[in-house]
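Subject: A structure for you to explore

Hi,

Here is the structure I promised to pass on to you. Have a look around it first, and then read on for what turned up.

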Amino acid sequence: GVPIVGPLSAIKTVAWLVGLNGLANRYLQRRPRVLGEATELVYPFYMIHQTVTVIAVYWLLQLEVALVPAYLLTVLATFGGLRLGELLGMRRSDFDLENASVRVDTQALELKSGARFTGPPKSDAGHRAVAMPPQVVDEMRTHLDTWTDSASDALLFTEPDGSPLTRRIWTLVWHTAMTQV
């Protein structure tokens with residue numbers, strides 16, 4: 001005879017999938033009321049966050065460090081939603097001033113030992129082009145002209161001696177600004 005366990009297992013699996021699909025169709029089609037309430041509750045914190053960011057940028061501009069890079073780094077993070085590792089890995093060729101966008105296809109990683117590596121983003125979704133408002137494009141242009149080497153593979157954010165800006169140095173600068181807030 002033919003063993004019956006294999007076909008029964010397949011039928012049971014299909015039954016579970018159909019059942020789960022039915023439950024999802026019934027209960028996940030509506031927007032839960034709590035989601036709307038949570039959105040309203042989060043909004044004041046979002047507004048405070050934006051205010052604190054603006055004040056922190058003001059204090060960044062008061063610090064005696066390479067200010068324009070810190071300013072642009074903060075602006076790109078805020079308006080573009082770019083992560084610090086993505087910003088620290090950006091090169092001149094990643095800016096498209098004509099189309100007001102920044103291409104993200106690499107990130108800089110640092111080990112606790114201080115070793116620095118660059119590589120692709122963690123996932124395919126990390127590869128993207130991010131549109132920027134026209135005001136940010138003007139800042140990008142100024143940054144490229146003032147702070148970035150002319151080579152297309154030149155890093156955008158460096159320390160005054162030309163070495164890559166590290167997460168540690170950026171964190172020190174940012175925390176200094178935040179303590180002023």
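Let's begin on the surface, where W16, L20, L23, Y27 and L28 form a nonpolar patch. Together these residues have about 610 Å² of accessible area. Please keep in mind that everything here comes from a predicted model.

You can find L20 in helix α1, which covers residues 5-27. Is L20 buried, partly exposed or exposed? Its relative accessibility is 47%, so L20 counts as partly exposed; the class called partly exposed lies between the buried limit of under 20% and the exposed limit of over 50%. Across the protein, which has 181 residues, buried residues make up 28%.

Now step back to the overall layout. The protein has six helices and five strands. Reading from the N terminus, the order of elements is α-α-α-α-β-β-β-β-β-α-α.

Next, the strands. Three of them form an open sheet in the order β1-β2-β5, with antiparallel pairing. β1 (95-96) and β5 (128-131) are at the edges with a single partner strand each, so one side of each has no neighbour in the sheet. β1 is joined by two bridges to β2, which spans residues 101-104. If you want to see how these two strands line up, look for D96, which stands opposite S101 in β2.

The strands β3 (residues 107-110) and β4 (residues 116-119) also run antiparallel, and four bridges join them. E110, for example, has R116 in β4 as its bridge partner. What do β3 and β4 form with the five residues between them? They make a hairpin, and G114 in its turn has a positive phi of about 100 degrees.

Finally, take a look at the largest pocket, which holds about 220 Å³ of space. Which elements give two or more residues to its lining? They are α2 (33-62), α3 (67-80), α4 (84-88) and α6 (167-180). The biggest share comes from α6, with five residues. The lining has 16 residues in total, and those nearest the centre of the pocket are L73, T74, A77, W170 and W174.

Enjoy exploring, and send me any questions you have.

Best wishes

Notes:
Residues numbered from 1 in each chain as written. Predicted model: local features only at pLDDT ≥ 70, side-chain atom pairs only at ≥ 80, totals over all residues. Heavy atoms only, no water. Pairing = 2+ DSSP bridges. Patch = residues over 30% accessible without salt bridge, like charges linked within 9 Å, V, L, I, M, F, W, Y side chains within 5 Å. Areas by Shrake-Rupley, 256 points an atom, 1.4 Å probe, with all protein chains shown as cover. Salt bridge = Lys/Arg side-chain N within 4 Å of Asp/Glu carboxyl O. Buried < 20%, exposed > 50% of the residue type's maximum accessible area, 1.4 Å probe, protein only. 1 Å grid on protein atoms, 1.4 Å probe; cavity = no way out; pocket = protein on both sides within 12 Å on 5 of 7 lines; lining within 4 Å. Points joined across faces, edges and corners; volume = space filled by probe spheres on them.
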